[in-house]
Amino acid sequence: MLRNLASSNRVSKKTAFPRTWLILPILLFFVFVLLAQPSKEQPPANAKGSEYKIPPEDAAKPNPVKPSAESHAKGKKLYGYDCAMCHGKDGDGKGDMAADMKNMPDFTHLDALKGRTDGELFYIIRNGKGEDMPPEGDRAKDEDIWNMVNYVRSLAKK
Ligand code: HEC
């Protein structure tokens, strides 16, 4: 008798629960999915079609690593692993993977990186650029990236 009462009580509570409240979490879920979509593809700084922007505080970051022979040697090694397949062994932009890539710079040109600060180059290497340049992300330590900045600058010859 008591058990009967309890279960009928449960049933009546269920039906009394307004149905609209069930729709709400479902709606919220879809809103969430829609909002989450664009950020999944790429960080906003790299969003296709929008202009590439480097935060001023990043651009102004001073290079803590002196462009010594040691720094160039370390930068060269990493460049060989992570960059040469696109930017070319000597930085001329003719790496194996670069044939169809747009905006490929030629680092051997004196003015290729002339307008860039070291901080900007650091930011580009860490975060990637445009459609084809992938980010180093967390693969490299700050010091490694500064070494690559120094190395890439040392490639300018003509
Ligand atoms: C998969 C090919 C690819 C790899 C790997 C790659 N890059 Fe790039 N990189 C590009 C392309 C393409 C651009 C031009 C991007 C644009 O401006 O749209 C670029 C641009 C740059 C620029 C910017 C020049 C400027 O002033 O805008 C620098 C500096 C650079 N790369 C350095 C590196 C370094 C250092 C590495 C290795 C850690 C690297 N890249 C790895 C393809 C690549």
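What follows is a chat about the helices, the core and the ligand shell.

Visitor: What should I know before we start?

Guide: This is a predicted model, where local features need pLDDT of at least 70, side-chain atom pairs count only at pLDDT 80 or more, and totals for chains, interfaces and linings use all residues. Residues are numbered from 1 along each chain as its sequence is written.

Visitor: How many helices and strands does the chain have, and what makes a helix here?

Guide: There are seven helices and zero strands. Helices are DSSP runs of H or I with at least four residues, strands are E runs of at least two, and numbering goes from the N terminus.

Visitor: Why is H6 called largely enclosed?

Guide: Because seven of its ten residues are buried. Buried means 20 or more other C-beta atoms within 10 Å of a residue's own, with 12 or fewer for exposed, partly exposed in between, and C-beta atoms placed from the backbone. Asp118, Gly119, Leu121, Phe122, Tyr123, Ile124 and Ile125 of H6 pass that test. Their cover includes helix H3 (56–59) and H7.

Visitor: Which residues make the contact of H6 with H7?

Guide: First the geometry: the two axes, H6's and H7's, come within 9 Å and cross at roughly 115 degrees. Those axes are lines fitted to C-alpha atoms over the stretch in contact, with angles from 0 to 180 degrees between N-to-C directions. H6 brings Asp118, Leu121, Phe122, Ile125 and Arg126, while H7 brings Ile145, Trp146, Met148, Val149 and Val152. A contact needs C-beta atoms, placed from the backbone, within 7 Å.

Visitor: What makes a set of residues a nonpolar core?

Guide: The members must be buried Ala, Val, Leu, Ile, Met, Phe, Trp, Tyr or Cys, joined through C-beta atoms within 7 Å. The largest such core here has 16 residues, and Leu121, Phe122, Ile125, Ile145, Met148, Val149 and Val152 have the most contacts inside it. H7 gives the largest share, six residues. Val152 also touches Gly91, Phe107, Leu113 and Leu121, leaving out residues up to four places away in sequence.

Visitor: Which residues are closest to the ligand, and how do you know what counts as near?

Guide: Near means a C-beta atom, placed from the backbone, within 6 Å of the molecule. The ligand is surrounded by 24 residues, the closest being Cys83, Cys86, Gly130, Asp132 and Met133. Helices H4 (69–82), H5 (84–87), H6 (118–127) and H7 (142–154) each give two or more residues to that shell.

Conventions: Two residues are in contact if their C-beta atoms, placed from the backbone, lie within 7 Å.
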